[in-house]
Amino acid sequence: MRVHRAESGRLVRREEPVPEPQRGEVLVRVRATSLNYRDLLILDGDHFTNASGALIPLSDAAGEVAAVGEGVTRFATGDRVLNAFHSNWIAGRLPDALVGYGNGRDGWLAEYRAVSEHALVALPDSLTYEQGATLPCAAVTAWTSLAGVRPGDVVLTLGTGGVSLFALQLAKTLGARVVATTSSPEKAAKLTELGADTVIDYRATPEWGKAVLDTTGGRGADRIVEVGGPGTFAQSLVAAGTHHAEIALVGFVGAEGPPVEFMDLFRSGATVRKIWVGSREDTEDLLRQLAVRPIEPVVDSVFAFDDAPAALERFRSRENFGKVVLTSA
Ligand SMILES: NC(=O)c1ccc[n+]([C@@H]2O[C@H](COP(=O)([O-])OP(=O)(O)OC[C@H]3O[C@@H](n4cnc5c(N)ncnc54)[C@H](OP(=O)(O)O)[C@@H]3O)[C@@H](O)[C@H]2O)c1
């Protein structure tokens, strides 16, 4: 089978034997995978890596069950599946030790992967493999970031990365009003088409936190899906107003910004909740939500498995609007 391994920041294609599913394992024929910001960080040697050696990258995949090991009860050959982002967080509290795909163990940029049956979720017929492969990291993160959002709430999304686009789409299905930021008029138009109620260009309006207050009558956002980190947090606090908003602390795509003033945080009354994608149960809950309130994942481009380096370049350019997907026919 073909795999790609990350070696010194580059993807190297190799031929390897198809794994044999062990007791309790499922052999997945990978049909599609997708890229996330963390994959770039891992390749660039910038992500908390706890394994050495040339691992197979990527955390997200969808495919079909090619074989099952002894004792497997959850799946049978031919079933359509996607992976849960964390292979060992089924439900409840975060386990003490998490082992990430691509940085702690082999990920999904391979034609076949054998994993525990408990690390997989059934892929509904309503979703293609390409769509399914967009969900494990970005969509589940958006879903857990929005936990508790009520109809009429104002949800603020930042930029047009994978997490933010899913947050916009899911927030609309929850009945929220969405204020979204981006950096170009072209992407602003696409956000509006996707359902954003208000779009703010964060380059043209560096004080976009104030713009969020203005567009909400001075109240601010109820939920902020904070993916920018140091580059956006100070403005997010302005956008939070003073009415005890919740900030889902997701990421750090905005590299630099002013320090966060303690008194600003104190005055806002905001709750800051750290997100760690979600458990398998969160993934299943998201799929249940999609069954009654479907959304179409935004896919920017689809590359053949062998074109993984080109897919990475497309993703790295940040010109994409939506997920960059790889397929294996
Ligand atoms: N904690 C968790 O559980 C978790 C889970 C998933 C992801 N993450 C983290 O969340 C972040 C987003 O991940 P992703 O995969 O969605 O990223 P991504 O797809 O790579 O996002 C890229 C986009 O970020 C936007 N961006 C960059 N700088 C920005 C700024 N200063 N203000 C607003 N937007 C900005 C840009 O949008 P425009 O082109 O529109 O400007 C860019 O296109 C990453 O830091 C990732 O590590 C964390």
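Guide: The buried residues of helix α3 are Leu135, Pro136, Cys137, Ala138, Ala139, Val140, Thr141, Ala142, Trp143, Thr144 and Ser145. Buried here means under 20% relative accessible area, exposed means over 50%, and partly exposed lies in between (1.4 Å probe, protein chains only). Helices (H or I, at least four residues) and strands (E, at least two) are DSSP runs, numbered from the N terminus. The model is predicted, so local features need pLDDT of at least 70 and side-chain atom pairs count only at pLDDT 80 or more, while totals for chains, interfaces and linings use all residues. Residues are numbered from 1 along each chain as its sequence is written, and side-chain values use heavy atoms, with hydrogens and water left out.

With 11 of its 11 residues buried, α3 is mostly covered. Helix α9 (residues 280–292) packs against α3 (residues 135–145): their axes come within 10 Å and cross at roughly 80°. Axes are lines fitted to C-alpha atoms, for helices over the stretch in contact, with angles from 0 to 180 degrees between N-to-C directions. The two helices, α3 and α9, are therefore roughly perpendicular, a label that covers 65 to 115 degrees (under 35 is roughly parallel, over 145 roughly antiparallel, the rest oblique). On the α3 side, Leu135, Ala139, Val140, Trp143 and Thr144 make the contact, and α9 supplies Asp282, Thr283, Asp285, Leu286, Leu287, Gln289 and Leu290. Contact means heavy atoms within 4.5 Å. Sorted by class, 7 residues of this α3–α9 contact are nonpolar, 3 polar and 2 charged. Nonpolar covers Ala, Val, Leu, Ile, Met, Phe, Trp, Tyr, Cys and Pro; charged covers Asp, Glu, Lys and Arg; the others, Gly among them, are polar.

As for the whole, the protein has 10 helices and 15 strands. Its radius of gyration is 20 Å, close to the 20 Å that the globule rule gives for 329 residues, so the protein is as compact as a globular protein of that length. That radius is taken over C-alpha atoms, and the rule is 2.2 Å times the number of residues to the power 0.38. The C-alpha trace spans about 60 × 40 × 40 Å along its principal axes. Of the 329 residues, 55% count as buried. Of the contacts between residues at least 6 apart in sequence, 70% join residues at least 24 apart.
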